[in-house]
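Student: Could we go through this model by asking where its space, its helices and its loops lie, and reasoning to each answer in turn?

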Amino acid sequence: MPLNILPYADVPPSAKATFMGGNTLAFENLDWFSTDHWLTQGGCFAAVEEQRVKAVLSASPECSNAAWLRFFRAERDGYHGKYFHALLAEAKEALANMGVRSLFSLAPHDWLENLLEREGFRSYDTIVTLQRVSPLTEDFEPDPNIVIRAMTHRDLAAVRAIDLAAFEPAWQLNLASLEKIYHLSSWHTIALLGGEIVAYQMSTTAFDTAHLARLAVLPKLQGQGIGRSLVLQILDVFSETGTNSFSVNTQESNAHSLALYTSLGYKRDNRDILVMSLEIL
């Protein structure tokens, strides 16, 4: 029987429920939205055979030039490579029509890395995790020239502008993602210099662990201690509440960030995740 590729929205609800409730081979991207969210968005396609969903793939833009593979699920019948190829072809065409130049994907599993390589993806970078396993014991003395205050929802436009300036397309977040992090984070602050918002951070907590989810400084002011002040305040605030474990993710290629976190007592662990990319246009 032929394999049909359909927008996921066009699949009958009963077929969706059967597939999503089954024991599937699965990959999910480490973004801020759930699989259920991406199932309702454009860029989500299903491979259907004999009215049965065999696999589902979602790929959507994060910014105008870059998209990410959000998730891929397939029946465990040995044909996941076939399904992936057909679904990716449909997703690539849709992304190209939107003007997206590059598609990125995490590759935390060998089977997914093999699928991506077969489709022409190549190694792009590595996401690394760093941890600090002790609270801040010394007094935090803020730079008198830098004003750090709580971020408000009205600051998100300025935060988005900083994000665009600070990161290349692969690592930029759109306004919807930044707003999602804002609502999920337990501590979010901005740094002002001369009355101008020049940096921000958003952090999450779980039990006695704090995670720095996002940190960005305007490029023209990087290396002047602004990012360091934001991180030190995070350590200070959470240490006061009994937090004794701190984590952060960054790219292996981001030497500046790695140097900052290392200087503040963070150490790299062994949870590296390969990032792969494919040029579409």
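**Pocket, helix and loops**

Student: How much space lies in the largest pocket?
Tutor: A pocket is an open set of points on a 1 Å grid over the protein atoms alone, where a 1.4 Å probe fits and protein lies on both sides within 12 Å along at least five of seven lines. Points are joined across faces, edges and corners, and the volume is the space filled by probe spheres set on them. For the largest pocket that space is about 1300 Å³.

Student: Before we go on, what kind of model is this?
Tutor: Residues are numbered from 1 along each chain as its sequence is written, and side-chain values use heavy atoms, with hydrogens and water left out. Local features need pLDDT of at least 70 and side-chain atom pairs count only at pLDDT 80 or more, while totals for chains, interfaces and linings use all residues, since the model is predicted.

Student: Which element gives the largest share of the lining of that pocket?
Tutor: The lining (residues with an atom within 4 Å of a point) has 49 residues, with Ala 213, Arg 214, Asn 249, Thr 250 and Gln 251 nearest the centre of the pocket. Helices (H or I, at least four residues) and strands (E, at least two) are DSSP runs numbered from the N terminus, and those supplying at least two lining residues each include helix 7 (226-240) and strand 12 (245-251). The largest share, seven residues, comes from strand 11.

Student: Which residues of helix 4 are exposed on the face turned away from its buried side?
Tutor: Buried means under 20% relative accessible area, exposed over 50% and partly exposed in between, with a 1.4 Å probe and protein chains only, and the buried residues of helix 4 (residues 110-118) are Leu 112, Leu 115 and Leu 116. They lie on the same side of helix 4 because they cover an arc (of the directions from the helix axis to the C-beta atoms) of only 95°. What covers them includes strand 2 (24-28) and helix 3 (80-97). The face turned away from them carries the exposed residues Asp 110 and Arg 118.

Student: Which backbone nitrogen does the side chain of Asp 155 reach?
Tutor: Asp 155 is found in the loop between strand 8 (147-150) and helix 5 (156-166), and counts as buried because its relative accessibility is 6%. Contact means heavy atoms within 4.5 Å, and, leaving aside neighbours within four places in sequence, Asp 155 is in contact with Arg 149, Ala 150, Ile 190 and Ile 197. At 2.8 Å, its side chain reaches the backbone nitrogen of Thr 152.

Student: What separation is found between the C-alpha atoms of Ala 47 and Tyr 83?
Tutor: Ala 47 belongs to strand 3 (residues 44-49) and is buried, because its relative accessible area is 0%. Although Ala 47 and Tyr 83 are 36 residues apart along the chain, their C-alpha atoms are separated by 6.4 Å.

Conventions:
A polar contact is a pair of N or O atoms within 3.5 Å; within protein, one must be able to donate a hydrogen and the other to accept it, and residues adjacent in sequence count only if both atoms are side-chain atoms.
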